[in-house]
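Subject: Structure for you to look at

Hello,

Here is the structure I said I would pass on. My notes follow below it.

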Amino acid sequence: MQLGLIGYYSDFVVYPLVIAILGVAGLIEAGEESAPDWVGTMLICLGLWTLIEYVLHRFVLHHVPWIRDLHDRHHVEERSPVGTPTWLSLGVHALVAFLPVWTVSDFATASAVSCGLMLGYLWYISVHHMIHHWHPAHPSYLYTLKRRHAVHHHIDDNANFGVTSIFWDRIFGTARL
Ligand SMILES: [Zn+2]
Ligand SMILES: [Zn+2]
């Protein structure tokens with residue numbers, strides 16, 4: 001939805017803080033012996049985020065009524081501060097990831113899962129901001145992502161759903177150069 005500038009940029013302050021606090025608390029809870037497992041779980045969930053990002057963009061942002069309209073606006077007004085408010089994304093995350101995992105497992109596991117997914121989300125919104133507002137040098141990772149995302153915005157919105165990676169577009173046959 002349309003956000004004020006503070007609303008738009010608050011993700012970039014709140015998410016690093018929440019991830020840092022939850023990460024320290026989770027590692028303390030896990031203890032020295034389980035710390036490698038904690039880091040492993042976190043990294044797996046960071047990788048899992050790239051698939052969630054693909055699925056959300058392809059099936060939710062482009063198909064669910066109301067959300068689709070907001071996303072269509074972003075496709076047209078790509079530099080205006082349209083996004084998901086921090087309280088909403090954090091709330092959804094808590095309800096569908098953190099609390100369920102804590103319920104069936106324990107706090108250390110839930111914190112590792114959440115840190116991985118939130119780090120992925122933070123990476124996603126950062127990359128998405130940069131590819132719309134920055135002018136990256138030409139042969140670079142960021143430039144490739146920017147060009148691919150511009151194809152998605154302006155040429156073919158049935159292609160290039162991944163923002164931070166091209167992996168899942170290749171797997172599901174939606175990659176377009
Ligand atoms: Zn889109
Ligand atoms: Zn975009």
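Is Cys45 buried or exposed? In this model, which is a predicted one, Cys45 counts as buried because its relative accessibility is 8%, and the cut-off for buried is under 20%. Cys115 is buried too, with a relative accessible area of 2%.

A search through the whole structure turns up zero of them. For Cys45, the nearest cysteine sulfur belongs to Cys115 and is 10.0 Å away.

Next, the metal. Which residues coordinate the zinc ion (ligand 2)? The donors are His74, His128, His132, His149 and His153, each through its NE2 atom, at 2.1 to 2.2 Å. Along the sequence these donor residues follow the spacing H-x53-H-x3-H-x16-H-x3-H. His149 and His153 both lie in helix α5, which covers residues 141-154. They are four residues apart there, so about one helical turn separates them. Both His149 and His153 are buried.

Now the helices. Helix α1 runs over residues 5-61. With 57 residues, a straight helix would span 84 Å at 1.5 Å a residue, but the end C-alpha atoms of α1 span only 22 Å. Where does α1 bend? There is a bend of about 120° at Gly31.

As for annotation, the UniProt record (an unreviewed entry) places the feature "transmembrane region" at residues 12-28, 40-61, 82-101 and 107-125. Two of these stretches can be set against the model. Residues 12-28 are 100% helix and 0% strand, with the end C-alpha atoms 25 Å apart. Residues 82-101 are 80% helix and 0% strand, and there the end C-alpha atoms lie 30 Å apart.

Last, the packing. The largest nonpolar core has 29 residues, and the members that touch the most others are Trp38 and Val127. Helices α1, α3 (86-104), α4 (107-133) and α5 each supply at least two residues of this core. Which helix gives the most to the core? That is α4, with 15 residues.

To go through the model yourself, you could begin with the five histidines around the zinc ion (ligand 2), then follow α1 to its bend at Gly31.

Regards

Note on methods:
Residues numbered from 1 in each chain as written. Chains lettered and ligands numbered in written order. Predicted model: local features only at pLDDT ≥ 70, side-chain atom pairs only at ≥ 80, totals over all residues. Heavy atoms only, no water. Donors = N, O, S within 2.8 Å, 3.2 Å for Na, K, Ca; no water. Buried < 20%, exposed > 50% of the residue type's maximum accessible area, 1.4 Å probe, protein only. Disulfide = S-S within 2.5 Å. UniProt positions renumbered as here; feature names shortened; annotations may be inferred. Expected span 1.5 Å × (residues − 1). Bend = angle between axes of the 7 residues up to and from the residue. Core = buried A, V, L, I, M, F, W, Y, C linked by side-chain atoms within 4.5 Å.
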